Amino acid sequence: MTGFIDSGSPPLVGRTKELSRLGDALQQVRSGRQRTVLVTGDAGIGKTALINEAIAGLPGDVIVLSGAALPLRSIEIPYQPLRAAFRGTAGIRTPEPFSEDSAAGHPASTPLFLDQWLSAVTAAHPVLLAIDDLHWADQGTLDTLMFLIAGPSDRRLGLVATVRADAVTEGSLLEGWLADVRRIPGVSIERLGPLDRPATSALIASLLGREPHQSLITEVYGRANGNPYFTKLLVEPLDPAASSLPPGLPPDLLTAVLRSWRALPQSARRVTQVLAVGGKNAPVEVFTVVAKRAIPGQDALSVLLAASTAGILDRQPDGSYWFHNPLIAEILASETLSEDRIQWHRLFAEAYSTVPGSGELHHRAAADLAQHFYGSGNYEEAYRWALEAARQESASRDWNKALAQYRRVLELRPKVVAAGEWLDLWQEVRRSAFNAGAFEAELDAIEALLRLLNERLQPLEVAALIIRRMHLRMSLGLSFLDPAEAERAVQLSSVEPGSWQHALAMAELVHAKLWMDQYNGSPDCAKVVEAARKTGHHRALSFALTASAMAAVFSGDSGAAREAAREGASEAALAQDFWAFCHALAWLANATEGWISEQYGAIMSCGREELSRLGAPHSFMSKVAADEAASFLAIGSWEKARTALRTAISFDPGPMGDVSARLTLARLDALQGRTNDALAHLARAEEVNRESDAFVNLNFAAIRSELNIMAGNPKAGFETAVAAASRAGHAPTMCEWLLPLAMRAAADMIMQARDTGGPLSGLEAAVRDVRKRFPAALHEPGQATPLYQRQIKAFDMLYTAETGRALADQRNDAMWIAAADACKEANLAWEEAYACQRAGEAMLFHTHHGQTNAAGILRRGLELATTLQATPVQTAILGLADHGRIRLDAEPPTTRRSTGPFPGLTTRETDVLEQLIAGSTYKEIAADLFISEKTVSTHVSHLLRKTGSTNRRDLARKASGRRRED
């Protein structure tokens with residue numbers, strides 16, 4: 001079985017649905033229904049890779065005949081792609097028209113011969129005829145395929161073909177053929193569009209061998225426009241740690257992008273170069289004036305229409321034209337001779353002012369004029385129009401575009417004599433960046449403003465900027481909240497005690513000191529809130545209320561905390577301060593149930609919807625979605641966590657969302673056995689957040705410890721957990737896990753020492769020392785809900801059970817059973833499964849009648865681990881069962897699916913089986929079900945054992961047969 005020759009394609013990602021639909025069509029072929037699927041899309045979009053992946057997953061009884069049409073120029077070979085497909089059909093007689101002793105040319109009889117031949121072969125085997133690059137096929141091939149497609153509907157024949165979208169032009173041979181084929185029953189069109197950002201990110205990670213920087217993803221996604229092949233050409237030459245693309249484009253990409261453009265006549269290429277310099281927003285009236293002056297005697301509109309027919313240009317809704325592949329415009333503009341480029345920019349600038357009404361033709365006219373004046377060297381006018389464009393974009397609240405224009409203004413200002421004040425410009429940059437959620441740009445603007453302002457003359461402005469800088473540095477992972485900086489802002493703003501700046505500074509001083517645990521008692525938050533209310537300033541009041549909520553949570557007054565946090569979120573929404581909104585939302589959730597709960601995740605989900613309604617930049621929604629995911633993951637709702645993570649990374653998540661999402665992805669991957677992926681996510685989070693140990697609001701320490709243990713480095717896991725538990729100030733997020741993890745690591749080291757005959761005294765002394773310093777598991781201050789109390793009890797019992805494992809306590813099995821039951825009561829599913837594993841282990845190795853007693857707890861753990869897809873626990877339990885000769889194949893009662901083709905399959909096994917029947921590969925099954933390929937392999941092994949199948953093809957054949965019988 002072979003597919004198309006496609007050595008240059010990138011890995012197939014982001015095509016799960018398309019592959020599933022193609023697999024369904026091919027499955028119908030095996031069931032006795034002829035189907036035809038035509039896969040269309042741009043060059044490099046992944047058409048060939050998609051069909052190759054589908055072919056690779058086909059069962060062994062399918063005969064695959066594959067050929068490709070070639071772009072022949074000087075010769076013509078009738079039926080060339082069909083000859084290639086039918087050449088060397090192993091074990092099957094070659095159809096007479098294409099046999100070596102056949103006369104070259106039976107144009108009238110060839111379709112009939114092939115139809116009869118295929119009918120005979122499909123009576124014994126399903127057949128798939130696959131033709132790549134059908135757009136280059138000759139008329140004879142197209143006519144023959146038409147005849148075959150219209151053949152008997154009940155034969156087991158599948159036809160698939162790839163067609164380049166830009167080849168289906170108006171009046172072309174292929175356009176008429178496709179129009180006719182579409183009307184035939186059993187024909188479907190699969191249109192492949194560009195990859196989205198998450199799929200592009202996955203592709204880049206696959207190409208680089210590591211998790212990429214968000215800045216690189218943004219740049220590649222913007223340049224390649226979701227085209228997999230262009231993405232591959234951009235990324236392959238890069239260093240894996242690259243955070244941006246180098247100047248210029250790789251030669252292979254230049255060739256690939258310009259191949260279709262170079263087929264245009266010379267005159268048309270010249271006109272399209274003018275269009276590239278003019279820009280996407282140039283109205284057609286302006287462009288035609290410029291083209292007439294730049295290329296006298298050329299009918300520009302006719303050229304545009306011809307280029308559109310050739311698929312190079314697309315007609316826009318306003319009647320203008322632009323490049324179907326924007327990379328062509330970028331290349332043409334950059335490679336235009338400098339003297340031509342300068343002249344054309346000047347002509348465009350003149351045309352905007354001379355064409356009647358052109359200034360009103362497009363709201364981006366000011367930005368275009370700025371670009372053209374800049375390109376022509378007229379910096380005075382470029383400055384004026386860039387400033388006007390920035391103001392227009394600000395008025396329309398398109399803050400990202402406003403920020404881009406203000407950056408151009410800053411670039412031009414030193415070249416312009418009569419320019420405005422630097423202070424005014426930086427204030428506008430800062431306002432635009434604030435509203436766009438562009439943290440780095442806003443921090444740059446604030447640093448510039450702090451250099452320009454005089455804190456003696458403008459203390460209030462400086463104080464407010466210091467507080468905002470504190471927030472931005474925290475968001476960017478540069479430094480955590482600094483009480484000394486907040487104290488400085490309080491002192492500066494104290495010149496006007498009734499100002500909103502002073503109220504804000506006092507609120508954030510409380511905020512910072514609470515995180516650093518610098519209050520012996522409770523801060524006087526009522527005074528801070530009262531001062532903020534008197535100012536009538538929504539932002540200052542929001543931060544004051546949220547600081548009050550935080551203090552109330554720490555003191556155990558959850559009712560007062562919820563009330564303050566809810567009002568704080570409302571005030572933040574009125575102020576359109578999304579940082580303040582996220583801050584208040586987090587403490588509202590903390591005051592309700594704490595983050596290890598379904599309720600916390602639900603509050604975050606509602607908050608994310610509210611941010612969307614308010615029009616917040618995605619970076620804030622990403623952060624909230626990542627926190628939502630962490631909460632759902634902690635309680636075992638990993639599928640909900642995965643869904644929230646998709647939202648977090650669907651666009652550029654910004655540094656806050658990126659770090660939080662990476663940490664949760666790291667933990668999910670580790671718990672499900674994808675250790676290398678987990679370590680890669682953690683490494684990227686640490687790159688973004690360079691001061692991770694200082695960020696007690698994030699769960700770096702616990703996740704780092706957990707990953708080290710799972711990766712086989714218990715010493716690092718122990719040291720990380722103990723150091724985090726010993727730090728001064730507020731306990732970090734996930735502090736509840738730290739001591740059980742520390743003791744788990746210590747127990748692992750002791751087990752290793754016992755197995756290898758290493759010294760134990762130092763390790764056992766370390767265990768006793770930790771236990772003496774920390775008699776019980778850590779917990780967050782003020783949390784007193786019944787659920788959280790059960791969770792603390794569970795963590796304390798895990799801590800005790802791990803200590804017993806480390807010190808070989810004879811009651812360790814009972815400790816683990818008690819810990820498992822406590823975890824069940826606390827809704828800690830991952831920990832419950834792990835405790836069941838350890839309980840079974842303790843029974844088998846350290847108690848009498850262990851085999852009898854261990855079966856129940858191991859079966860409980862295996863059922864839970866299977867639901868969680870917790871591969872490490874599954875593997876360990878199956879190994880224990882094998883060692884103890886315990887049968888664990890009793891079916892969990894809730895996982896039987898009545899519609900499955902075999903009795904006794906779990907829900908997940910049935911899911912995997914359905915995908916195998918559809919022809920999906922392990923990689924596609926893993927992506928669609930959000931499990932690892934290793935887990936897919938485990939499920940397939942169970943399926944083979946339960947069904948008595950010898951391989952996956954035999955399994956799919958049996959399942960299909962049972963369905964037909966049903």
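## A tour of buried and paired side chains

Start by selecting R754, which is partly exposed, with a relative accessible area of 33%. You are looking at a predicted model, so keep a colouring by pLDDT within reach as we go.

E764 forms a salt bridge with R754, and the closest N and O atoms are 3.8 Å apart. This pair links distant parts of the chain, with E764 in helix α37 (residues 761-773) and R754 in helix α36 (residues 735-756), 10 residues apart. The pair counts because the cut-off for a salt bridge is 4 Å.

Next, select R210, E211, D658, R662, R684 and E687 together: salt bridges that share partners join these residues into one network. Side chains of opposite charge can pair when their charged atoms come close.

**On to R155 and D115.** The side chains of these two residues meet in a salt bridge, at 2.7 Å from N to O. R155 sits in the loop between α5 (139-149) and β4 (157-164), while D115 belongs to helix α4 (residues 110-122), so the pair ties together parts that are 40 residues apart in sequence. Are the two buried or exposed? Both R155 and D115 are buried.

**Then E330 and R223.** Here too there is a salt bridge, with the closest N and O atoms 2.8 Å apart. E330 is in helix α14 (residues 326-335) and R223 in helix α8 (residues 214-224), so this pair ties together parts that are 107 residues apart in sequence.

**Now R838.** You will find R838 in helix α40 (residues 829-846). R838 has a relative accessible area of 9%, so it counts as buried. Which side chain does the side chain of R838 make a polar contact with? Select Y834: that contact is at 2.9 Å. Then show D748, R805 and W816, which R838 touches when residues up to four places away in sequence are left out.

**Last stop: confidence.** Across the protein, pLDDT averages 87, and 90% of the residues score at least 70. Finish by selecting residues 890-899, where pLDDT stays under 50, although the model has 21 contacts beyond four places in sequence for this stretch. Where pLDDT is low, the predicted coordinates should not be read in detail.

Methods: Residues numbered from 1 in each chain as written. Predicted model: local features only at pLDDT ≥ 70, side-chain atom pairs only at ≥ 80, totals over all residues. Heavy atoms only, no water. Helix = DSSP H or I, 4+ residues; strand = E, 2+ residues; numbered from the N terminus. Buried < 20%, exposed > 50% of the residue type's maximum accessible area, 1.4 Å probe, protein only. Polar contact = N/O pair within 3.5 Å; in protein donor to acceptor, adjacent residues only side chain to side chain. Contact = heavy atoms within 4.5 Å. pLDDT = per-residue confidence, 0-100.
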